[in-house]
Amino acid sequence: MEGSTKNGQARTIYISEEMTTVLRSYCYYKMYEAQEGGFEMSDYVFTNEYGELMHPDTFSRHLRRLYDENGFPREFHLHTLRHYFVSTMLHSGIDKQTVAELAGHGDTGFLERTYCHPQLQLKREAAARYTRTMFDFSDRDSASA
């Protein structure tokens, strides 16, 4: 944990085995870079080419360039990635409490007000499921026969 969180509590970040492999490979690359560049390996994972902590604005500029190169709207910013992460987890069926904890929210209230707006496809699926339930007479027909 670098600094404190908004709620003053430590936050544990969970990552998959695949992402652990990617980060481990990246760290090996950074160790090689430090050795070749003649500087000490940083305690930080994401550093500039001299092993120094990257300024947040530098990352934002790189991200803006990636957005522009890929035709993303100008309204996209760093926080858009957080919104995407949370929305994707919710729409994938991960329960609200788990998502709230992963996002660093103390409870699900903020999450529900901010992120819980179903996608059009989920609304269509819900309507179709409701319709099938309401008009499925097969169980009722066999019970009365």
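**View 1. Ile94 in the loop between H3 and H4 of a predicted model.** With a relative accessible area of 34%, Ile94 is partly exposed, a class that lies between buried (under 20% relative accessible area) and exposed (over 50%), as computed with a 1.4 Å probe on protein chains only. Once neighbours within four places in sequence are left aside, Ile94 is in contact with Met89 and Val99, where contact means heavy atoms within 4.5 Å. Helices (H or I, at least four residues) and strands (E, at least two) are DSSP runs numbered from the N terminus. Residues are numbered from 1 along each chain as its sequence is written, and side-chain values use heavy atoms, with hydrogens and water left out. Because the model is predicted, local features need pLDDT of at least 70 and side-chain atom pairs count only at pLDDT 80 or more, whereas totals for chains, interfaces and linings use all residues.

**View 2. The largest nonpolar core.** This core has 8 residues in all, namely Val86, Met89, Leu90, Val99, Ala100, Ala103, Leu111 and Tyr115; a nonpolar core is a set of buried Ala, Val, Leu, Ile, Met, Phe, Trp, Tyr and Cys residues joined through side-chain atoms within 4.5 Å. Two or more of the core residues come from each of H3, helix H4 (96-103) and helix H5 (108-115). Ala103 also touches Arg11, Arg82 and Val86, when residues up to four places away in sequence are not counted.

**View 3. The packing of H4 and H5.** The axes of H4 and H5 are 9 Å apart and the packing angle is about 95 degrees, which means that H4 is roughly perpendicular to H5. Axes are lines fitted to C-alpha atoms, for helices over the stretch in contact, with angles running from 0 to 180 degrees between N-to-C directions, and angles of 65 to 115 degrees count as roughly perpendicular, under 35 as roughly parallel, over 145 as roughly antiparallel and the rest as oblique. On the H4 side, Lys96, Gln97, Val99 and Ala100 meet Thr108, Leu111 and Glu112 of H5. The residues of this contact divide into 3 nonpolar, 2 polar and 2 charged, with Ala, Val, Leu, Ile, Met, Phe, Trp, Tyr, Cys and Pro taken as nonpolar, Asp, Glu, Lys and Arg as charged, and the others, Gly among them, as polar.

**View 4. The crossing of H2 and H3.** The axes of H2 and helix H3 (residues 78-91) come within 9 Å and cross at roughly 70 degrees, so H2 is roughly perpendicular to H3. By class, the contact of H2 with H3 has 5 nonpolar, 2 polar and no charged residues. Phe59, Ser60, Leu63 and Tyr67 are the residues in H2 that meet Leu78, Thr80 and Leu81 in H3.

**View 5. Asn48 in the loop between helix H1 (17-37) and helix H2 (56-69).** Asn48 counts as buried because its relative accessibility is 19%. Apart from neighbours within four places in sequence, Asn48 is in contact with Lys30, Glu33 and Met54. Across the protein, buried residues make up 17% of the 145 residues. The mean pLDDT (the predictor's confidence in each residue, from 0 to 100) is 82 for the protein, with 87% of its residues at 70 or more.
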